[in-house]
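Please have a look at the model first.

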Amino acid sequence: MRKAFIAVGAMLLLGLVAGLLWQRYADSVMHADGPHSAAIVLDVRPGMGVRAVLAELEELGALRDARAVALELRRTGAPTIKAGRYEIPPRATAAEIIEQLATGRVVLESLTIVEGWTFAEMRAALAAHAAVEQTLRGLSDPEIMRAIGHPNEHPEGRFFPDTYRFAAGTTDKVILTLAYDRLQTILQDAWSKRAEDLPLQSPYEALILASIIEKETGLASERPQIAGVFVSRLRKGMRLQTDPTVIYGLAERYDGNIRERDLRSDTPYNTYTRSGLPPTPIALAGADSIRAATQPLETGHLFFVATGLGDGSHAFSRTYEEHNQALRRYLARLRSNSMDAGTGGEQ
């Protein structure tokens, strides 16, 4: 009997010692600096189990003993690991890596949607991004709007131009929905703060005007003043006579040059032949253009033309005679610049 008690005691002691040794080793495995001296990119595919992820980490050089980590996680409770692409920092411990995977701190991709782009250009950028999962390819514009929950809406101008950051594998539908919602938030906020007595009937009309301002503005500081010209013309019932709307209406017929016959060619977007705003936006408008459309700077100017100084600035005029003078100065500057270029800039 005594021998049995001694044997049991010895086994308990050995178990205790083994447990203490394992705990010491497990603490070292989990909390010692990792063996990797550089950052490591890890792709966790949907459905990958903890053991498979740990084995891949060991193969990549981020873990010394994947089996020991797995045993410790089994003892303490293995977390759910989220799929995605991860960048494991240099020397990250096993515990830090597991925490990063469990909380889903994935590498964020980015996509920049540029102010002034058309919806077609935005679609092309989305389709070309390698980290975006394509679910809308081949759909028509109306089908895309239906897919994101906004049927019967024209897509042009409905999305906010910005840099979007997202996890690899995010769908094009999710990004479009995010950009749509951002635009609505910014537009509604600007409309709620609009100037009194604007000749605009709805936030959508403000968005149409903002898209024209976006395409006409070469100098950011001029946006409110350009908006003021258009708003003043709308008040007086004057046609907007803005080239970007004509170009948009020409679509694939536009070859990079706008001609007199183009200004006379009637389309729903030709603001030389038609009064008021075009039926839809003509491009993606940024926040500054939206604010300018809703809070224009009206100075009595009814015309503007580029100065030709190369800085994107315009000359603003109150009368047609002043405008013609500014136009002549612009054309003279263009001719001078052309002559300088032809002679290598020599005087």
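Is Ala251 buried or exposed, or does it lie in between? Ala251 is partly exposed, with a relative accessible area of 42%; buried means under 20% relative accessible area, exposed over 50%, and partly exposed in between, using a 1.4 Å probe and protein chains only. This is a predicted model, in which local features need pLDDT of at least 70 and side-chain atom pairs count only at pLDDT 80 or more, while totals for chains, interfaces and linings use all residues. Residues are numbered from 1 along each chain as its sequence is written, and side-chain values use heavy atoms, leaving out hydrogens and water.

**Loops with positive phi**
- Most residues other than glycine have a negative phi.
- Ala251 is not a glycine, yet its phi is positive at about 55°; its place is the loop between α10 and α11 (260-264). Helices here are DSSP runs (H or I, at least four residues), as are strands (E, at least two), numbered from the N terminus.
- Gln241, also not a glycine, has a positive phi of about 50° and sits in the loop between α9 and α10 (243-250).
- Gln241 is partly exposed, with a relative accessible area of 39%.

**Helix α9**
- Eleven of the 14 residues of α9 are buried, so this helix is largely enclosed by the rest of the structure.
- Among the buried residues are Arg223, Phe230 and Arg233.
- The buried residues of α9 pack against α8 (203-216), α12 (287-294), β5 (303-306) and β6 (314-317), where contact means heavy atoms within 4.5 Å.
- After α9 comes Gly237, with a positive phi near 75°.

**Helix α4**
- Ala94, Ile97, Ile98, Gln100 and Leu101 are buried in α4 (residues 94-103).
- They cover an arc of only 160° around the axis, which puts them on the same side of α4; the arc is that of the directions from the helix axis to the C-beta atoms.
- Gly104 follows α4 and has a positive phi, near 70°.

**Packing around α7**
- Helices α5 (residues 119-128) and α7 (residues 172-192) pack at about 140°, with axes 11 Å apart; axes are lines fitted to C-alpha atoms, for helices over the stretch in contact, and angles run from 0 to 180 degrees between N-to-C directions.
- That makes α5 oblique to α7 (under 35 degrees is roughly parallel, over 145 roughly antiparallel, 65 to 115 roughly perpendicular, and the rest oblique).
- Phe119, Met122 and Leu126 of α5 meet Asp172, Ile175, Leu176 and Ala179 of α7.
- The axes of α7 and α8 come within 10 Å and cross at roughly 105°.
- α7 and α8 are therefore roughly perpendicular to each other.
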